[in-house]
Amino acid sequence: MAKNQNVLKSIPTLTPALNKQRVKPRPFHKRIEQIIGYGFILPTVILLSMFVFYPFLQSVYLSFFMTDPLGNIVGFVGLQNYVDLFTSKEFLGSLKTTFLFAIFTVPTGIFISLLLAVLTHNKLKGMRIFQFIFALPIAMSVGTSSIIWLLLFNPTSGVLNYLLNLVGLESIQWLTDPNWALVSVSMMTIWLSLGLDYIILLAGLQAIPKELYESAKIDGAGSFRIFSKITIPMLSPTIFFVLIISVIQALQAFGQFNILTGGGPMKSTNVFVFSLYQEAFVNFQFGLGSTRAFVLFVIILLFTWIQFKFGEKKVHYQ
Amino acid sequence: MRFKSHLITVLFVFFLLVTVGCTSKTSGAINEGNESSPDTAANTTNESTNEEPAPEGKTEVVFWHSMGGKNGKTLEKMIQDFNGSQEDIHVKPIFQGSYGDSLTKLKTSLQSSSGPTIMQSNFISSGPMIDTKMVRPIQDLIDAEGYDLSQLDQNVLSAYEMDGQLYSMPFNASTLLMYYNKDMFEENGLDPNNPPQTYEELEEAAMKLTGEGKYGASFSVDSYFLEQLFTVQGAELVNNGNGRQDLATKSFINSQEAIDTFTWWKKLVDDGLMLNLGTNTEDTHQAFLSEQVGMTLASTAGLTNMLEGSKGKFELGTAFIPYPEAKTGAGGVSVGGGSLYIMNNKSEAEQQAAWEFIKYVVGAEQQGHWYINSGYFPVNTDAYELPEVVETLAQFPQFETAINQLEVALENNAGSNAGKGPVLGVYPDARTITVEALEKVLNDVQSPKDALDEAAEEITKKIARYNQTVQ
């Protein structure tokens, strides 16, 4: 806690403290500097306002209204949309599916990419080829990957079932069996997110000073000990970053569900954003859709806050 | 280092080739009702090629369509012919994916003028299309000009007539067909020229066909198929005369006809006679064409694709869709397929140009060409007399089944609202819910009756909300 307070003190406060004397007018050149400073962030502020803040406020506004098939506002309904949402089985089901999806994909994805990063983080000949291959999924769009996996998952002519049959196992209805569908999409998502996770983790590994490893080796530490006592702590800020973006990505996943399963079978892959899309852009209930969007925002905010609150303590910053 | 970077380039190019090879698999959108056919998505890049701008001084008419695969190519050819024959009109086709996707895009475009002048939409979207209030009723143009409708198929027109007028011009008419493998029938001691007609007969035939890794049938869990299986028994899907007398307020999806159909379907799957491949219609067709299953369901629109796919492998048969024996003669299929709308947010000149194009494509010659190159049956009855059509019919009698089926339907329906098909605003919702109900039944979560009761209740709730917003 003490450390936290120190950090707080070091941040310049924006509100003028009352006990201080009247702020003296700043010298001219300081003002110019300030104006130039604002000038630099202005383009970003304008873009963000146009494409993030305005739509955000608009959707909060819309969440209190009912809309006609063209999306025009028909009437104010107050909190009715929120009441409808939280009493709808479909919504609660989609929350559960989304969290399951995050649990399936995030830890597995980080674990595999960490493993690959550690394995390929050396100077052996030909290692760059592996690095290239493992980073490849980053260049794939969700749409393209989904189409590829659709072919792999094909129940009668897909490669996965062919391989299963080859070793004498029965075919699996990857995308049409409600027990398998979410697992199948998760598999595809883990592969898809591997590229980014891998690159970030590999960069993190390369930033760890060689001297630490050398001195540990001289002291006689084994490779597992080096990994758990040096690599993991030194890499923890990177892992933490990957964790946060992965969780946010998992909660916002949409493309693969839209293409692979369409939320089915039996709503077993009806994740949050898919049900939002369905409500707003297929059924044209923008009010209900916006309600979902706002709830999703709050959930993500909450999650990120929780992760910072509890996760960051375990992180070792240099 | 040099070697390495070369290697990386080579690897990358190889990878790209693999990717491209995977995605450019062409296959037609055989199925009418399926909203999420992933292959149509893959086709998008192939279809929207006709991007050249309109030549100076011509009125440009933007035409959004949903014809992928072979049918799309046929349509683009017809448009090219039209453009070539015109002095001052240029039609620009844009493929917008499935009907469902296209409607979604249309709705988002209506607030601005970025949308099309002509919009192709499927029959079941009639409710949502009219409710946008952005449609110029075709009837206006017909009346203004005294256009003669008598050459058009009266069965089809009656389906599209709502509130006593035509809002859109039927263009690609279809019905649902059952396709079967004649060779497989023969091998298993079944008469290849006498396909099963009733639920009971189909079950018997499936029993004989099943075995050695083969299945009697595979029907995709698709709402369009289910709607047709109910309609053919004479059941209405919503109240108020199937939504044709007044805005529908209640779903009839839990009718006895629906319960019977679900029970029959489930029994087929449970007994191992039907291969359940879920909601992806493409998969069932693939299984059918690779001779894993003996029977499947698809729109007439898929006929040319099916003929091509079965060529050299087996003889393709087409049959009426089945019904329970007790319901013989109770109803018939309704007209599916699509129609062309003119949007009213475009200039009068553009709307008139669009009308010229519509008159052209429903002409006998164009419809005849369309018929034998797609499988959609002609909305213009004069087309049947064209020599090329007569020739094709003699060569491929499979084309005739759809027309015969509609003929029977017309007799059985005799002006009933069930046979004309439902008018319903919340159709995308209703379809999702219907499909989910059958999935629940097939996965032993609920009994057919419970699943359908719940579905009816849910759809009714959605209808109530929708009606509140359009009144």
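These legends walk through close-up views of a predicted model. Residues are numbered from 1 along each chain as its sequence is written, with chains lettered from A and ligands numbered from 1 in the order in which they are written. Because the model is predicted, local features need pLDDT of at least 70 and side-chain atom pairs count only at pLDDT 80 or more, while totals for chains, interfaces and linings use all residues.

**View 1. An open four-stranded sheet in chain B.** The strand order is β9-β10-β8-β11, and the pairing is mixed. Strands (E, at least two residues) and helices (H or I, at least four) are DSSP runs numbered from the N terminus, and two strands pair if DSSP finds at least two bridges between them. At the edges stand β9 (215–218) and β11 (316–319) of chain B, each with a single partner strand, so one side of each has no neighbour in the sheet.

**View 2. Strands β8 and β10 of chain B side by side.** Residues 176–181 and 293–299 pair in the antiparallel sense over five bridges. Look for B:Tyr179, whose bridge partner in β10(B) is B:Thr296.

**View 3. Two domains of chain A.** Domain 1 covers 24–80 and domain 2 covers 81–314, with bounds from an automatic or database domain assignment. Their C-alpha centres lie 31 Å apart. The contact takes 13 residues from domain 1 of chain A and 12 residues from domain 2 of chain A; residues are in contact if their C-beta atoms, placed from the backbone, lie within 7 Å. On the domain 1 side, α2 (28–62) and β1 (65–67) of chain A each supply at least two residues.

Terms used
Contact = placed C-beta atoms within 7 Å.
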